[in-house]
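Please walk through the model below one element at a time.

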Amino acid sequence: MKRILMLLAGILIHQLAAAQLVVHGARWEVAGGGASCDATRQLAAACDGLRTCRVPVDPASLCGGDPAVGSLKILDIQYSCDGIRQAPIGFPDGSTASLHCQRVHISKPLLQIRAARWQALDGSGSCDATPLLSRSCNGKQ
């Protein structure tokens with residue numbers, strides 16, 4: 001009986017433990033293509049094993065310098081929480097990359113924005129709205 005109780009306690013503790021994130025890749029690149037650098041090492045060092053992580057998107061924190069001074073860049077991050085891959089997420093220059101993992105067990109599906117484009121009705125212009133929408137909506141119902 002004691003052995004069964006200890007096993008159940010171990011399972012319960014595992015279920016209540018904080019979720020852990022792992023960074024699989026991070027690329028700081030000019031929006032729309034062009035110059036880029038691999039920021040995986042910096043993000044992994046700052047975030048791996050944590051439940052929540054915040055890193056400034058600036059040359060002092062990433063890549064040892066700006067890969068394209070004067071150009072708008074996006075930090076694209078691929079990561080997982082407790083071994084479950086999350087939707088890639090992007091953060092623009094000057095923002096703070098915020099990654100969060102929560103151990104949540106719900107049966108309702110959660111929203112995952114993979115791509116979003118804001119375009120004029122007459123087709124005269126457009127922009128990538130994925131970073132803003134994914135930060136605001138991903139993981140929510």
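**A loop residue, a helix, a strand and a pocket**

D93 sits in the loop that joins β6 to β7. The coordinates belong to a predicted model. Is D93 buried, partly exposed or exposed? Its relative accessibility is 26%. Because buried means under 20% and exposed means over 50%, D93 counts as partly exposed.

Which residues does D93 touch, leaving aside those up to four places away in sequence? They are W28, V57, S71, L72 and K73. For L72, the separation from D93 is 21 residues in sequence, while the C-alpha to C-alpha distance is 6.6 Å. With K73 there is also a polar pair: a polar atom of the D93 side chain lies 3.0 Å from the backbone nitrogen of K73.

C53 and V55 make up the covered face.

Helix α2 spans residues 40–47. An α-helix has 3.6 residues a turn, so residues three or four places apart point the same way. In α2 the buried residues are T40, Q42, L43, A44 and C47. Where does their cover come from? The elements over them include β1, β2 (36–38), β3, β4 and β7. After the helix comes G49, with a positive phi near 85 degrees.

Rolling a probe the size of a water molecule over the atoms shows where empty space is left. The second largest pocket has a volume of about 360 Å³. It is lined by 20 residues, and those closest to its centre are I74, D76, D128, T130 and P131. Two or more lining residues come from each of β1 (21–30), β4 (73–81), β6 (89–92) and α3 (130–137). Which element gives the largest share? It is α3, with 4 residues. By class, the lining holds 11 nonpolar, 4 polar and 5 charged residues.

Definitions and conventions. Residues numbered from 1 in each chain as written. Predicted model: local features only at pLDDT ≥ 70, side-chain atom pairs only at ≥ 80, totals over all residues. Heavy atoms only, no water. Buried < 20%, exposed > 50% of the residue type's maximum accessible area, 1.4 Å probe, protein only. 1 Å grid on protein atoms, 1.4 Å probe; cavity = no way out; pocket = protein on both sides within 12 Å on 5 of 7 lines; lining within 4 Å. Points joined across faces, edges and corners; volume = space filled by probe spheres on them. Nonpolar A, V, L, I, M, F, W, Y, C, P; charged D, E, K, R; others polar. Contact = heavy atoms within 4.5 Å. Polar contact = N/O pair within 3.5 Å; in protein donor to acceptor, adjacent residues only side chain to side chain.
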